[in-house]
Amino acid sequence: KHLQERSGALASEIADLKEERARQTAAIDPSLIARYEKILSRRSPAIAVVSKEICLGCRVGIPPQAAIELLRAEAIVTCGTCQRILIREEAMHP
């Protein structure tokens, strides 16, 4: 009985989270969502933090050009080794 109750609660929570995700992603370009999903299907998590020009997803240094593109924040930058989407460490602590 306890497991059935827990299962029902989890199913409800999953449904709520899916609705919240749909609301959050409504304003995002579908091609970006598809790109994220593709990376996520191969690597989890799909996003990696860059600290001191090192991708913390795979622990490999990123090229200087990628570091500059991250600083500019004009486009999505991915790691050349693990293919994860890169974000700057400073973005984690605004």
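A compact globule of 94 residues would have a radius of gyration near 12 Å, whereas this chain has 17 Å; the radius is taken over C-alpha atoms, and the globule rule is 2.2 Å times the number of residues to the power 0.38. Along its principal axes, the C-alpha trace spans about 55 × 30 × 30 Å. You are looking at a predicted model, in which local features need pLDDT of at least 70 and side-chain atom pairs count only at pLDDT 80 or more, while totals for chains, interfaces and linings use all residues. Residues are numbered from 1 along each chain as its sequence is written, and side-chain values use heavy atoms, with hydrogens and water left out.

Let us walk along the chain. It has three helices and four strands, arranged along the sequence as α-α-β-β-β-α-β. Helices (H or I, at least four residues) and strands (E, at least two) are DSSP runs, numbered from the N terminus. Ala27 sits in the loop between helix 1 (2-25) and helix 2. Is Ala27 buried or exposed? Ala27 is exposed, with a relative accessible area of 79%; exposed stands for over 50%, buried for under 20%, and partly exposed for what lies in between (1.4 Å probe, protein chains only). From the C-alpha atom of Ala27 to that of His2, 25 residues apart along the chain, the separation is 39 Å.

Two strands count as paired if DSSP finds at least two bridges between them. Strands of a sheet pair through backbone hydrogen bonds, either parallel or antiparallel. Here strand 1 and strand 4 are parallel over four bridges, and Val50 stands opposite Arg88 in strand 4. Strand 1 and strand 2 run antiparallel, joined by two bridges, with Ile54 in strand 2 as the bridge partner of Ser51. These two strands form a hairpin with two residues between them, and Lys52 in the turn has a positive phi of about 55°. Ile54 also has Gly61 in strand 3 as a bridge partner, within an antiparallel pairing of strand 2 (residues 54-55) and strand 3 over two bridges.

What about the interior? Buried residues make up 17% of the 94 residues in the chain. The largest nonpolar core has eleven residues, among them Val50, Cys55, Leu70 and Leu86. Such a core is a set of buried Ala, Val, Leu, Ile, Met, Phe, Trp, Tyr and Cys residues joined through side-chain atoms within 4.5 Å. Strand 1 (47-51) and helix 3 (64-72) are the elements giving two or more residues to this core, and helix 3 gives the most, with three.

Finally, the largest pocket holds about 290 Å³ of space. A pocket is an open set of points on a 1 Å grid over the protein atoms alone, where a 1.4 Å probe fits, with protein on both sides within 12 Å along at least five of seven lines; lining residues have an atom within 4 Å of a point. Sixteen residues line this pocket, and Ala75, Ile76, Ile85, Leu86 and Ile87 lie nearest its centre. Helix 2 (30-42) and strand 4 (85-88) each supply at least two residues of the lining.

Key:
Grid points are joined across faces, edges and corners, and a volume is the space filled by probe spheres set on the points.
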